[in-house]
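Dear colleague,

I am passing on the structure below, and my notes on it follow. Please read them with the coordinates open beside you.

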Amino acid sequence: MEIPYIVDEREDTGLINSKLGIWIFLASEVMLFGGLFSAYVFLRMAAPPGDFAHWGAELNVPLATLNTLVLITSSVTMVMSWASLKLKDFEKYKIYMALTLLCAAIFLVVKYFEYTAKFHHDIFPSSSTFMAIYFTLTGLHGLHIIGGMIVITYLWMPFGNKIWHTNPEHFTNRVEVIGLYWHFVDLVWIFLFPVLYLI
Amino acid sequence: MSDHDTVSIQEHIRVYLTVFGALAVLTVTTVLASYLDISTSEAIFLALVIASVKGSLVAGYFMHLISEKATITWILMMTALFFFVLMFLPLMSITDQVNI
């Protein structure tokens, strides 16, 4: 059975269904992370003066800066993979998607080292309200990275991208949709980085 | 694909690379700004302004919001409204103190 409006736009929305769907999903994601950012503000306001700055100083700014640059790079490689499909260059698409996966893996490895360094210094989510919200926010963000990697891997593997050969426009739209998700994950990190590490 | 489409995508690619450069520079800027000798509230304001500029670049160019359909703009305007409500909820704690 053919899925309707995945290549042709609906007249009423002016969009393909998958794009409308991902934007509504992303709106719900804004509320999910928004609730946690709101909790961060609440906890910071209620904490003793200097408490958040004290615990924030335990975090590794150079590693987080590196991770920010890695995630920004992954956003560019993701959008370049979509542009490659638009230019009908499937080989370049595969290279850019592989680079996106590589960046995502580097991000998680760096995060692993950050977490384990904290654990070795006996710093856990239960250590302070700052650490509780730090591990919650970065942990949830990390889960989003893993979720994105699963879909990117699927679209990179031959069984996931075989639709390119029969319906290239449909496949290009799929890549655009995962791209929108991936840029959102990058967007969340752009705010997490200064809020947790710098201020 | 017509030659016009190809030129248009190649133009897009140039924009993506420019935005990438801007994001990298702004990332370094936000780290350097955190070492400035300013008050906490000024530091928070500065960090959030830079993060908002970076976020707008990602949303506008990588997510194509700058040229997206009105349906999505409306969804996001509603999202932004509820997001700001969420952000201002903690302020209620200032006006609703329980004295023990």
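A residue is called buried here if 20 or more other C-beta atoms lie within 10 Å of its own, exposed if 12 or fewer do, and partly exposed in between, with C-beta atoms placed from the backbone. Helices (H or I, at least four residues) and strands (E, at least two) are DSSP runs, numbered from the N terminus.

Some conventions come before the findings. This is a predicted model, in which local features need pLDDT of at least 70 and side-chain atom pairs count only at pLDDT 80 or more, while totals for chains, interfaces and linings use all residues. Residues are numbered from 1 along each chain as its sequence is written, and chains are lettered from A and ligands numbered from 1 in the order in which they are written.

On confidence, the predictor gives the complex an ipTM of 0.93 and a pTM of 0.94. Among the elements of chain B, the highest mean pLDDT, 95, belongs to helix α2 (residues 40-62), and the lowest, 75, to helix α4 (residues 92-95).

Chain A has eight helices and zero strands, and 35% of its 199 residues count as buried. Its C-alpha atoms fill a box of roughly 60 × 35 × 25 Å along the principal axes.

Helix α1(A) has 30 residues and reaches 44 Å from its first C-alpha to its last, close to the 44 Å expected at 1.5 Å a residue, where the expected span is 1.5 Å times one less than the number of residues. Its buried residues are Lys19(A), Trp23(A), Leu26(A), Phe33(A), Phe37(A) and Tyr40(A). What covers them includes α5 (129-156) and α8 of chain A, together with α3 (70-88) of chain B.

Turning to the interface, 38 residues of chain A are in contact with 36 residues of chain B, a contact being two residues whose C-beta atoms, placed from the backbone, lie within 7 Å. On the side of chain A that touches chain B, the elements that give two or more residues are α1 (17-46), α3 (61-86) and α8 (168-198) of chain A, and the largest share, 13 residues, comes from α1(A). By class, that side has 26 nonpolar, nine polar and three charged residues; Ala, Val, Leu, Ile, Met, Phe, Trp, Tyr, Cys and Pro count as nonpolar, Asp, Glu, Lys and Arg as charged, and the others, Gly among them, as polar.

From chain B, α2(B) has 23 residues that should span 33 Å at 1.5 Å a residue, and its end C-alpha atoms are 32 Å apart, which agrees. Its buried residues include Ala47(B), Ala51(B), Lys54(B), Val58(B) and Phe62(B), and their cover includes α3 and α8 of chain A together with α1 (3-33) of chain B.

α8(A) and α2(B) pack at an angle of about 175°, with their axes 9 Å apart; axes are lines fitted to C-alpha atoms, for helices over the stretch in contact, and angles run from 0 to 180 degrees between N-to-C directions. That makes the two helices roughly antiparallel, a term for angles over 145 degrees. The residues of this contact divide into ten nonpolar, two polar and two charged.

Best wishes

Conventions: pLDDT = per-residue confidence, 0-100. Parallel < 35°, antiparallel > 145°, perpendicular 65-115°, else oblique.
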